[in-house]
Amino acid sequence: MWMGTYPSVPSRVYSTGKLLSEHLKDNPELVGDSVCNRYGPDIPFLPKVLSFAKALPLQIHPDKDLAERLHAKNPEKFGDANHKPEIAIALSRFELFVGFKPLGQISELLRLKPLQKLLPAHEKLDDNALRKVCETLLTLSPEAVSNTITELQNISLSEFGDSENVPSLLERLSKQYSSFDNGSLVAALLMNYLVLEPGEAVCVPADGIHAWLSGDILECMARSDNVLNTGFCPRADRDDIELFTQSLTFKPHGPEESILQSKKSSIGVKGRSIEFAPPFSEFNVLAVALSPTEVEKHSVLGSPSILVVTQGSGKMTVGDGTVHEIGLGSVYFTAKDAELEFSTKTGLILYRAYATF
Ligand SMILES: [Zn+2]
C-alpha cells in the first residue's frame with residue numbers, strides 16, 4: 001500500500017476523488033513555503049505498508065548522481081532522478097537481510113572449501129575485494145550456484161563459525177527461488193540477517209544492499225521509485241550486475257549499524273510519541289501507541305505529513321474541532337498547520353511521516 005503523490009500509485013482525496021498531487025498544486029499553503037521552495041507543492045517522501053512471506057528482490061536504490069544518469073538514459077525504467085534512502089519499521093516480526101557483514105566474518109566464510117576460489121589466498125579482504133566477491137557470486141552460472149549451495153550444505157555446521165545460520169538460510173531461500181538464484185549466496189554469505197520485533201527499525205542509505213525476507217512493515221523513503229535488482233526475481237528482470245556492484249556502498253558494515261533507534265519526541269505533548277529520525281533529509285516518522293483510554297496530542301509540525309493507522313481504532317480531533325473516526329488502515333494527509341489529538345477506547349497504533357529539511 002503506497003501513500004502519497006508518486007505518479008505510479010498516486011493517492012486521491014477520499015471525498016472528491018481528486019488526485020492529492022493536484023489538490024496540493026491548487027492549495028500549496030497546505031505544504032508551506034519551506035517544502036514548496038525545495039521540492040515544489042508536493043510530498044517529498046513516500047510511505048508504504050508492505051506484507052510479504054517470501055523474499056523481495058535483492059536490491060539497491062541508486063544515489064542522486066546515479067539516479068540522474070539512469071533517468072536521463074532510460075526514463076521509462078528509471079522514472080525519476082531522485083535518490084531513495086529508506087527506513088523500514090517492523091509492524092510484525094520482520095526478517096531481513098541488510099548491509100554487509102563485518103569483513104572478519106566474511107573472511108572466515110571465504111576460507112570454507114567451496115568458497116576459496118572467490119578470493120586469492122594471499123589477498124586480504126577489504127571493501128574492494130568484497131565488491132569483486134559480490135560480483136563473482138552474482139555472475140556465477142545457475143549450475144555453479146546450485147553446486148556451491150550443495151557443497152556448503154555438506155559441510156559440518158561447526159565450520160561456519162559465527163555464521164552457522166548460512167546452511168539453513170540457503171535451504172530456505174532455495175525453496176523460494178530455486179537453487180539457481182545467485183541472490184541466495186549473496187544474502188546468506190555476505191549480508192547481515194536480522195530479525196526485528198514490532199516497533200524496531202532499520203535504515204538503508206542510498207546504494208545500500210538489502211532484501212526483505214518476511215513480515216509486515218511500514219517503509220518510508222525519499223520520493224523515488226528507482227531500483228536495481230539482482231536476485232530473488234526472474235533472471236530476465238535482473239539489472240546490470242556490473243552497474244549494481246559498482247554502485248554499492250559498504251556503509252553500514254555490520255548488523256548494529258543498520259538499526260535505527262527511536263527516541264521520545266517532543267512533538268507528542270503527552271509524551272506518548274516516539275520518533276524515527278534517519279540521518280538524511282526529506283522525512284522523519286512519528287509513532288504513537290496508545291493503550292485503552294490514553295490520549296496523545298501532536299503540536300503543529302509546520303510541515304506536511306501522512307499518517308496511517310496500523311492497529312486498533314479511535315478518534316482524531318483536528319485543531320479546528322473536526323473529529324474523525326480512525327481505525328486500522330485509515331490514511332490521512334495532514335496540512336502543515338494541523339494540530340492533532342488522538343484518543344482511543346480500545347487501543348491505537350499509528351505512524352505519521354512528516355517532511356523535514
Ligand atoms: Zn528497497
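Colleague: Where does His-61 lie?

Modeller: You'll find His-61 in a loop, with strand S2 (58-60) on one side and helix H3 (64-73) on the other. Keep in mind that this is a predicted model.

Colleague: Which residues does the UniProt "binding site" annotation cover?

Modeller: According to the UniProt record, which is an unreviewed entry, Gln-59, His-61, Glu-86 and His-210.

Colleague: And what's the largest C-alpha distance in that set?

Modeller: 12.3 Å, so they cluster in space despite being spread over 152 residues of sequence.

Colleague: OK, switching to domains. How is the chain divided?

Modeller: Into domain 1, covering 1-260, and domain 2, covering 262-356. Their C-alpha centres are 28 Å apart.

Colleague: How many residues are in contact on each side?

Modeller: Domain 1 puts in 32 residues and domain 2 puts in 24.

Colleague: What about the area buried between them?

Modeller: About 2200 Å², with 80% of that coming from carbon and sulfur atoms. On the domain 1 side, Leu-30, Phe-45 and Leu-260 lose the most area to domain 2, together 22% of what that side buries.

Colleague: How many salt bridges and polar contacts go across?

Modeller: Zero salt bridges by the rule. For polar contacts, the rule finds two residue pairs, both at pLDDT 80 or more.

Colleague: Which elements of domain 1 give two or more residues to the side that touches domain 2?

Modeller: On the helix side, H1 (20-26) and H2 (33-39). The strands are S1 (45-52), S3 (86-90), S6 (201-204) and S7 (210-222).

Colleague: Now backbone geometry. Which residues does a cis peptide bond join?

Modeller: Lys-251 and Pro-252, with omega at about 0°. Pro-252 is in the loop that runs between helix H9 (241-247) and helix H10 (255-258).

Colleague: What is phi at Ser-178?

Modeller: Positive, about 70°, although Ser-178 is not a glycine. Ser-178 is in a loop too, between helix H7 (166-177) and helix H8 (182-190).

Colleague: Why flag those two spots?

Modeller: Because most residues other than glycine have a negative phi, and most peptide bonds are trans.

Key
Residues numbered from 1 in each chain as written. Predicted model: local features only at pLDDT ≥ 70, side-chain atom pairs only at ≥ 80, totals over all residues. Heavy atoms only, no water. Domains from an automatic or database assignment. Contact = heavy atoms within 4.5 Å. Buried area = accessible area lost by both parts, 1.4 Å probe. Salt bridge = Lys/Arg side-chain N within 4 Å of Asp/Glu carboxyl O. Polar contact = N/O pair within 3.5 Å; in protein donor to acceptor, adjacent residues only side chain to side chain. Helix = DSSP H or I, 4+ residues; strand = E, 2+ residues; numbered from the N terminus. UniProt positions renumbered as here; feature names shortened; annotations may be inferred.
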